[in-house]
Structures are given as structure tokens and as C-alpha cells.
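Welcome! Please take a moment to look over the sequence and the fold, and then let us walk through a few parts of it together.

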Amino acid sequence: MIQSGVTEKILNQLKYKDCVISFCHDDYRKITSGSQKYVLELQQMMNDRNISCVALITASNYDADKIEPKNLIIEVVIDNETVCYLTAWQVGYYFGSLITANKINLLSIIINSLFRMNIAMIDEIISRINEKHNIAVLHILHDYYSICRNIFLFYNDEEFCGPAPIGSPRCKTCRHGENREEHHASINNLFIKHNVTIVAPSENGKRIFLRIFQHLEQSVRVVPHQNVIHLKSLISSYPLSNKKIRVAFLGYPLKNKGWDAWLKINDIPNRSDYEFYHFTVINQSLPGTIFIDTSFHNGANQDTTSRLIEHKIDVVLLWSNWFGNYNYTYYESLEANCFVITYKDSGNIADQVKHFRNGLVLDSEQELVELFNTNEKLKECIDNYKKINDLYRVVVNNQLADELLDKRLFLSTEMQSFEEQMNNDFEQTIDSLIQGKLELQQELQNQQWEKQELQTERQVLQQELQDQQRELQELRQKLHEYEENYSHLELRSKEVEKNHSENLVYTLHIKSHFEELEGYNHLVVKRLNQLENEGSLKTFLRSFYKFFPQSIKLKLKNLFIKM
């Protein structure tokens with residue numbers, strides 16, 4: 001169960017149920033720079049669409065990228081107001097629980113910058129949230145920290161390195177090259193694990209990013225921070241022959257922004273032909289240079305474009321010597337109708353100057369100094385640009401916010417459709433239940449009829465069973481009688497068999513006696529045949545032998561014996 005105190009603070013501060021989470025490496029409310037400007041614009045465009053912004057800031061942690069996530073303290077800022085301070089796991093836990101409880105509708109997670117951010121902390125928060133609900137994750141490519149810890153890709157802070165491939169020998173001799181393989185692996189794993197979409201603000205930024213992350217080409221898209229609207233083209237005269245050229249340097253006095261080149265043109269012999277301005281947030285300007293505060297915090301009501309127009313700036317020097325992703329100051333100069341001078345390796349600045357034809361792209365600082373030393377050529381370039389008065393309006397690109405709005409509307413439509421479907425399903429379910437009840441009643445009645453039929457059938461079967469049992473009893477009685485008869489027959493059979501054996505012996509005896517009689521008969525027949533051959537007297541005597549007296553029979557017998 002989530003703790004009510006923290007969740008109440010979060011819910012009370014959220015203006016809208018729909019929201020986005022934005023990772024920020026510093027407090028965009030206090031620091032003036034391109035990425036902070038983008039966060040402010042992002043918050044505004046989201047609020048305009050009834051979407052709240054939750055910023056997670058780790059600025060209070062020194063070297064946040066080297067601290068264990070469990071020891072990091074994150075400032076939770078909702079709709080521009082600090083709400084609470086949490087650890088990484090608490091952020092993931094509370095927002096994940098709020099999503100599960102349907103208290104908030106998290107539309108997207110935006111990693112605004114990875115500069116000096118703790119990658120493990122980002123991974124833990126996204127992982128805990130995605131355990132509850134799978135959220136789309138975007139990374140806004142403000143710089144090249146995903147490629148190297150030096151966001152400008154400067155070899156030893158001196159020159160643009162390409163960027164050098166991962167594991168390059170050059171990295172071993174660069175002060176920013178230590179543990180670059182581990183740095184790249186952690187960010188690459190973050191991108192792949194959470195299916196992060198890389199949003200580059202320019203084609204130049206996309207090209208540089210894909211030099212190292214070729215395998216993520218399908219995950220990279222180009223969405224400019226701003227849209228440029230062409231207003232009109234008017235032919236006008238703008239002679240500079242009788243006045244000084246007003247030249248401005250925009251931004252912090254840093255080497256990567258071209259401060260060295262600015263120093264050189266401030267030191268030219270004909271400096272009196274120019275008025276030099278430095279547009280920045282802190283007065284670190286050179287002697288003889290007019291400082292113009294460009295801060296967009298603390299109630300500032302003018303943007304840089306308005307200030308450029310107010311001071312009638314003719315030329316803006318944007319001498320960035322790294323392949324920049326975007327550069328807000330260029331578009332501010334374009335909208336103020338200023339002529340822009342830039343270096344060939346300034347990335348998107350050089351690309352846009354060539355596209356809009358509103359300046360010069362030079363090859364070296366030497367060429368820059370020569371141009372300012374011979375200001376007639378520079379005046380001619382400015383006059384030619386001003387004659388064709390192309391005016392532009394630069395507005396915030398709301399594409400990402402509109403996509404989230406479309407997503408929310410789609411989800412709302414989908415939810416409404418789902419509710420309608422649920423209502424239809426409910427009505428259909430009621431009708432089905434009523435129909436089902438009628439069918440059940442009919443089925444119950446049918447079952448009662450079937451029960452009566454079954455009872456009748458049961459009685460018939462019981463009668464049949466009784467008859468069968470009676471027949472079975474009779475059969476058992478007959479079987480008993482048959483068994484007794486069989487026993488008698490078996491005994492009789494044994495007697496018959498015994499008699500048969502005795503008869504067989506007797507028959508054999510009779511047969512033997514018969515054979516003896518048959519042999520004797522043969523002897524008699526043979527004797528009779530002999531008697532036939534003897535004389536008639538003997539025959540006569542034999543024939544009438546039985547009629548003779550006993551005394552004569554004895555005499556005849558003796559006679560026959562002698563014969």
C-alpha cells in the first residue's frame with residue numbers, strides 16, 4: 001500500500017491526470033541555456049494541452065553519475081513547483097503505484113539530457129514504472145553525451161574529434177576518453193532495454209549520433225524544436241555606408257561557442273567602424289562592448305529576438321566550432337532578420353545558413369578577420385541580404401505534444417468506445433440472462449416431464465428386474481438339478497466305462513475262444529474230408545455211430561484208433 005502523504009502531495013500538485021515525466025540534469029527554472037529553454041517550452045506546450053509535467057532533477061547531487069542510485073536524492077518538480085525529494089526507487093514505486101491505481105495517466109517518459117546523469121538511476125526508475133505499465137521513452141538529443149562524456153566531442157577540449165570510434169587509440173590520449181567503453185555500454189543498454197526513441201532536433205545531430213549508434217537507426221527521428229514560417233519577401237534598400245555595423249555575439253564566452261574568434265575581431269585595427277554587443281545572462285563582456293541581458297527567468301518579458309530587433313543588430317557571430325545539434329540563437333537571429341556569420345564546422349548553424357541564405361559560412365578565423373578588416377565587403381553582403389527582405393516567424397514545434405494529445409484522445413475515444421461496448425454488452429447480457437431464465441424454466445419443466453417418464457420407466461424396469469430375478473432363481477434351480485444329474489451321469493459314465501472295460505476283456509476272451517473253435521472246426525472239416533475218402537462202411541459206421549450200443553461203440557473206437 002502506497003504512503004498517503006507523498007501521493008497526496010503529488011496528486012494535489014498535478015493540474016491534470018494526464019502527465020509526462022521529464023529527466024533533467026539541472027534546474028531549468030534557474031539556468032539559461034538551450035536545453036533549459038526547451039524544457040520550459042515543453043512544459044508550456046504540455047500544459048496548453050491539459051498535460052502536467054513532472055521534472056526529476058538531480059542537480060543537488062555533485063557528480064551524480066558516480067553516485068549509487070540508492071544514495072541519490074531527486075527533486076520532484078510538478079508543473080514548475082517543487083513537491084518533494086525522493087530516492088530513485090521511491091520515484092519508481094510511487095508513480096508506478098499511482099498508474100496501477102488509475103490515479104494518473106502517464107503518457108510518456110522524456111530523457112531531456114543525459115549530461116552527467118546517473119544512468120543506473122534512470123534505468124531503475126523506468127524499470128519500476130514499466131513493471132506496472134509499459135510507457136514510451138524518448139531521449140531528446142540536446143548534446144552528444146550519449147557518445148562521450150565531452151558533450152561537444154572535443155579531443156582534449158581543443159578540436160572536434162569526429163567522433164572517434166569506441167575503443168579508438170585517440171581516446172586513450174584524451175582527457176575525456178577514460179572508461180568510454182563502459183560509458184557507451186551503459187547508455188546503449190538503456191536505449192535497447194527500454195526501446196528508447198531518439199529525437200534529434202536536426203539532421204546534423206542524427207548523422208553524428210548514428211556514427212556511433214548505427215544499430216539504432218530505426219529508433220532515431222528528427223523533430224526540430226521550432227518551426228520556421230516564411231512571412232513575406234520585400235525588396236527594400238538598407239544602406240550601411242553612413243553608419244557603423246552593429247555586431248553581436250550570442251551566448252556564454254566559451255571556446256566551443258567561438259569566443260576566441262570574437263576576441264580576434266574585437267582586436268582589429270578598424271574596430272571603430274563597428275558597434276559590438278554581447279547578448280548573454282552574465283556580464284562578462286569585453287571593454288567597449290555593450291552587454292545585453294538575455295535571461296528568460298525572473299519575470300523577463302523579452303526574448304532574444306526582441307532584443308536583437310530593439311538594438312538593430314546587423315550581424316550575429318555564431319562561430320561554434322563543433323557540430324551542434326540545434327542552436328536556438330540561430331533561429332532567434334533569423335527571426336530578427338540578422339545576417340549570420342558562422343564557421344563551416346558549426347553543424348546545424350551552417351546547414352541552416354546555407355538553407356535560408358541569411359549569412360556566410362567561412363572556413364577559418366583568418367578568413368573571418370579579413371572580412372571584418374575589409375568591411376566594405378561585409379557591408380555589401382549585408383546590403384544584398386537586406387534588399388531581399390525575407391521575413392520569418394519562428395514558433396515552438398508542438399509535434400511531440402500533439403502526438404501525446406492524439407494518443408490521449410485516442411485512448412479517451414478508445415475508453416469511450418470501450419464503455420459504450422460495455423453498456424451494449426451489459427444490455428445484451430441482461431437480455432441474454434432473461435432469455436436464459438426462460439430457457440431454464442422451460443428446461444426445468446422438460447426435466448420434470450422427463451423425471452416423470454423416468455419414474456414410470458423405473459417402475460417398469462423394477463418389474464422387469466423382479467421378473468428377471470425370478471427367472472434367474474428358476475435357472476439357478478435348474479442349474480442345480482442339472483449339476484446333480486451331471487453328477488449321476490458322471491457316475492453312470494464311470495460304471496459304463498468300467499463295464500465297457502470288462503466287456504472288452506470278455507470280448508477278447510470270446511474272440512480267443514472263437515478262434516480256438518474256428519481252429520477246431522477246421523480240424524473237423526479236415527477229418528470229415530478224410531472220412532469221405534474212406535470206405536462207405538466206415539462212413540456208415542460213423543454215420544450211425546450214435547445209434548450203436550455202448551459196447552459196440554467201444555469196439556469201433558478201438559478199431560478206428562488202430563486204423
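**A walk from the sheet to a helix pair**

Helix H13 (residues 375–387) lies across E12, E13, E15, E16 and E17, running at about 125 degrees to E16. Before going on, note that this is a predicted model, in which local features need pLDDT of at least 70 and side-chain atom pairs count only at pLDDT 80 or more, while totals for chains, interfaces and linings use all residues. Residues are numbered from 1 along each chain as its sequence is written, and side-chain values use heavy atoms, with hydrogens and water left out. The names H and E stand for DSSP runs numbered from the N terminus: helices (H or I, at least four residues) and strands (E, at least two). Angles run from 0 to 180 degrees between N-to-C directions, with axes as lines fitted to C-alpha atoms, for helices over the stretch in contact.

An open sheet is formed by 6 strands in the order E14-E13-E12-E15-E16-E17, with parallel pairing. Strand E14 (290–293) and strand E17 (359–362) each have a single partner strand, so one side of each is left without a neighbour in the sheet. From one strand to the next, the twist averages 25 degrees. Two strands count as paired if DSSP finds at least two bridges between them; strand E12 (residues 245–250) and strand E15 (residues 315–318) are joined by 3. Along this parallel pair, Ala 248 stands opposite Val 316 in E15. Helix H12 (residues 365–373) also packs on the sheet, touching E12, E13, E15, E16 and E17, where contact means heavy atoms within 4.5 Å. The direction of H12 makes about 140 degrees with that of E17.

Now find Ile 208 in helix H7 (residues 203–210). Ile 147 is 61 residues from Ile 208 along the chain, and their C-alpha atoms are separated by 9.2 Å.

Our last stop is a pair of helices. The axes of H3 (residues 88–100) and H4 (residues 119–132) come within 8 Å and cross at roughly 20 degrees, which makes H3 roughly parallel to H4 (angles under 35 degrees). The contact includes Trp 89 and Phe 95 of H3 and Ile 125 and Arg 128 of H4.

Technical notes. Angles under 35 degrees count as roughly parallel, over 145 as roughly antiparallel, 65 to 115 as roughly perpendicular and the rest as oblique.
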